[in-house]
Amino acid sequence: MTLPAFNAYLNGRFAPLDSLTVSVMDRGFLFGDGVYEMIPVYNRHVFRLDAHLDRLTANLAAIGITDPHERHEWHKIINRLVDEEIFPDQQIYLQVTRGPAWPRNHAFPAEVSPTVLLFADELPAPAREQVENGVSAITIPDLRWQRCNIKAISLLANVLAKQAAVEAGVTEAVLIRDGQLMEGAASNIFIVKDGVLRAPPPSTQMLTGITYDVVIELAQSHGIAVELAPVSEAALRGADEVWLTSSTKEVLAITRLDDAPIGSGLPGSLYRRIFQYYQDFKTGVMRAGKDFA
Ligand code: PMP
């Protein structure tokens, strides 16, 4: 494996990614004991940095890791990474684990200091072909725990779900729990029925994406009715449109689910509207260094 020499940060030190190493006793490595964020950057402007850092702070508190940095320190680290990277559009990966400890023991160590890792990568726009034709997905039982709102690095169930999608030759796996739509393996899922945009409300059963918030705001500000309420598997299959959202995929229409077409089998009219609103938002707000229209 060859790593790129992209900008990275580990425990107080900025260095190329391929020069960094952590202890084999790090609890992130041994237990998946940590949380992460993926923060999009457009034209070197970090989008909704404080919303991402609020989510990080809440996640750290939820798993009992003391936030290793004040807010202004996080800003400084992230802005330096962004400024030094060659790509204007970037995705910043940020991870905090509980840190290295000996001996190996499930319970929190008495003395431990968190491992902080950040690295930048290029943020490519979603492929034109995926935007124009939509993507395919499969449904899969949601085998995850009851705290899916925590952006934990222990992602085994998501990894297996995504791999099942890859092996089925599709883009995403849509997770179903007790007959209800939850989210994608790495995205949030919306449906459209009779002109109403519907999605599960934030809960401990899913991760509330920053893009989920943006899509709801864009829909509401353009007069599209939005209903946040549980969505059944039957409603998902019978939807006029299904969309997936994430910071890296933006908004994509799912036009085939488990090998059956959704609606007409092509991206729907509401999808085409929201896609345009999202592109306008990217140009006028995100690229201009603003968080809100
Ligand atoms: N749910 C899951 C499980 C995810 O992994 C992601 C993206 N990483 C999302 C939702 C979407 O979050 P965001 O819009 O903040 O990228």
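How far does a polar side-chain atom of arginine 55 lie from an oxygen atom of the ligand? The separation is 3.4 Å, which falls under the heading of a polar contact (a pair of N or O atoms within 3.5 Å; within protein, one must be able to donate a hydrogen and the other to accept it, and residues adjacent in sequence count only if both atoms are side-chain atoms). The model is a predicted one, with local features needing pLDDT of at least 70 and side-chain atom pairs counted only at pLDDT 80 or more, while totals for chains, interfaces and linings use all residues. Numbering starts from 1 along each chain as its sequence is written, and side-chain values rest on heavy atoms, with hydrogens and water left out.

Staying with the ligand, 16 residues surround it, and the closest are Lys151, Glu183, Ile210, Thr211 and Ser247 (a residue is near a molecule if one of its heavy atoms lies within 4 Å of it). An N or O atom in the side chain of lysine 151 sits 3.1 Å from a nitrogen atom of the ligand. Isoleucine 210 uses its backbone instead: an N or O atom there is 2.9 Å from a ligand oxygen atom.

Strand β10 is mostly covered, with five of its six residues buried. On β13, β10 pairs in the antiparallel sense over five bridges (pairing needs at least two DSSP bridges between two strands), and isoleucine 189 stands opposite leucine 244. With β11, β10 makes three antiparallel bridges, valine 192 being partnered with leucine 197. Two residues separate the strands of this β10–β11 hairpin, where aspartate 194 takes a positive phi near 50°.

Elsewhere, an open sheet of six strands runs β2-β1-β6-β5-β3-β4 with antiparallel pairing. Its edge strands, β2 (13–16) and β4 (45–46), each pair on one side only.

Technical notes:
Helices (H or I, at least four residues) and strands (E, at least two) are DSSP runs, numbered from the N terminus. Buried means under 20% relative accessible area, exposed over 50%, partly exposed in between (1.4 Å probe, protein chains only).
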